[in-house]
Each structure stands twice: as structure tokens, then as C-alpha cells.
Amino acid sequence: MIRRLTALLVLPLLLAGCLVSDGDLILPGDADFPVADGARFTVHALDEKGVRTDDAPETAVVTVESGRYILRSGEENKVFTGLMKEIGPELYAVMIREEDQTEGNLYALMRREGTTWWRWGMVCPQFVSLVEEEGMTLADFGMIVRNSDCVATDFADLKKALLFAHERQKPDAEYVAE
């Protein structure tokens, strides 16, 4: 009962949160580079069932510069930098930040199937709900909630959280290689 009451009080605070870290949980020396330099993708938004929405797809271009991925996406050519680390067969933890950010990262999970990549965006309130449905807490994943974000502090716990979500959620985006 107390856990449910806490969830009802805390959930509204989490509505816009992401899975984040203060520092880099994937280090350049540990990173994998499964996406080829210069790869182009058509990106389709997916609904909660993992089905393409009616939204117009966007284009994303991935390059490798100075040992990091650079992702340029959308009509505004928004730029992100990041790294990937394999955490299972064809499963990758993705650490990314906006180009003008100097610290902190967002995390997602990507699964490769041939030339298509599926993304799990890791929205904090959805993750909290999944965790609570299993009778667990964020502490079981070494995380806390801060400013509506789920904050990870080490790679082992991040990996555990990403794999947990992968088993229980549908992807939120489909990246199709051009």
C-alpha cells in the first residue's frame, strides 16, 4: 500500500524524465562501433505497441569523429555525440548527449536486425512503472530519481536496466538503413 501511494505521488514528477548519468558510463576505450561511418537512416516513430505511427519519418546521418559517433537528425540537423557498447547479441547500450552539452548523458538501447535498428528510448516514468509491476524499486537497479530523471551511476546497473526494459517493452523508434 505504501509503495502504491508513493508511486501515485512520485509518478507525476517523472513525466518528462529520461535515463541519464552525470558522467560517462561508456568509456571511449570500451566502446563498440557497429554503425558504419557515414551511415544514413530513415527514422520512424513507433507507438506503444511497436507499430509505426503516421508521423513523417526523419533522416539521420551517423559519422565517426574523434573516436565518437556524431548523429545529425531531423530537418533542424540537430547534432548529438555518443558511444555504443554491446551488452548482448546485437544489443547495444547507447550513450548520447546534445553537441553543446559538456556533461551528463542520456541512454537508450538499440537492437540490430540486419540493416534495421530498433530503439528503446528509456523514459523514466515508463521504466518506474515496469519496475514496480515486477515488485522492484529503482534501487534494485542502482538508480535514483532526480529532477524527473532516472539517474544511473555505473555501467553494470545501466546494462541491467536496459536488458530489463528490453524484455518488457516495445521499441519506440525504427532506424532503417538507406
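Which residues does Ser 73 touch, not counting residues up to four places away in sequence? They are Glu 58, Thr 59, Ala 60, Lys 78 and Phe 80, where contact means heavy atoms within 4.5 Å. The model is predicted: local features need pLDDT of at least 70, side-chain atom pairs count only at pLDDT 80 or more, and totals for chains, interfaces and linings use all residues. Residues are numbered from 1 along each chain as its sequence is written, and side-chain values use heavy atoms, with hydrogens and water left out.

**Overall fold**

- The chain contains three helices and 11 strands; helices (H or I, at least four residues) and strands (E, at least two) are DSSP runs, numbered from the N terminus.
- In sequence order the pattern is α-β-β-β-β-β-β-β-β-α-β-β-α-β.
- The radius of gyration of the chain is 16 Å, close to the 16 Å that the globule rule gives for 178 residues, so the chain is as compact as a globular protein of that length. The radius is taken over C-alpha atoms, and the rule is 2.2 Å times the number of residues to the power 0.38.
- The C-alpha trace spans about 50 × 40 × 30 Å along its principal axes.
- Of the 178 residues, 41% count as buried; buried means under 20% relative accessible area, exposed over 50%, and partly exposed in between (1.4 Å probe, protein chains only).
- Among contacts with a separation of 6 or more, 57% are between residues 24 or more positions apart.

**Nonpolar cores**

- A nonpolar core is a set of buried Ala, Val, Leu, Ile, Met, Phe, Trp, Tyr and Cys residues joined through side-chain atoms within 4.5 Å.
- The largest core has 30 residues, and those with the most contacts inside it are Leu 19, Phe 127, Phe 141, Met 143, Cys 150, Leu 158 and Leu 162.
- Two or more residues of this core come from each of strands S5 (78-88), S6 (91-98), S7 (105-113) and S8 (116-120), and from each of helices H2 (124-133) and H3 (155-168).
- A second, separate core of 17 residues includes Ala 39, Tyr 92, Val 94 and Ala 108.
- In soluble globular proteins, nonpolar side chains tend to be buried together.

- The buried residues in H2 are Cys 124, Pro 125, Phe 127, Val 128, Leu 130 and Val 131, and their cover includes strand S10 (149-151) and H3.
- Leaving aside neighbours within four places in sequence, Phe 127 contacts Met 122, Leu 138, Phe 141, Met 143, Ala 161, Phe 164 and Ala 165.
- Met 122 sits in the loop between S8 and H2 and is buried, with a relative accessible area of 4%.
- Although Met 122 is not a glycine, its phi is positive, about 55°.
- After H2 comes Gly 135, with a positive phi near 75°.

**Largest pocket**

- A pocket is found on a 1 Å grid over the protein atoms alone, as an open set of points where a 1.4 Å probe fits, with protein on both sides within 12 Å along at least five of seven lines; lining residues have an atom within 4 Å of a point.
- The largest pocket holds about 780 Å³ of space; grid points are joined across faces, edges and corners, and a volume is the space filled by probe spheres set on the points.
- Of its 36 lining residues, Leu 71, Phe 80, Ile 96, Arg 119 and Tyr 175 are the closest to the centre.
- S5 gives the largest share of the lining, five residues.
- The lining divides into 26 nonpolar, six polar and four charged residues; Ala, Val, Leu, Ile, Met, Phe, Trp, Tyr, Cys and Pro count as nonpolar, Asp, Glu, Lys and Arg as charged, and the others, Gly among them, as polar.

**Selected strand and loop residues**

- Ser 73 is in strand S4 and counts as buried at 14% relative accessibility.
- Phe 41, in strand S2, is buried, with a relative accessible area of 5%.
- Phe 41 and Ser 73 are 32 residues apart in sequence and 9.3 Å apart in space, C-alpha to C-alpha.
- Thr 81 lies in strand S5 and is buried, with a relative accessible area of 16%.
- Asn 147 is in the loop between strand S9 (144-146) and S10, and counts as exposed at 67% relative accessibility.
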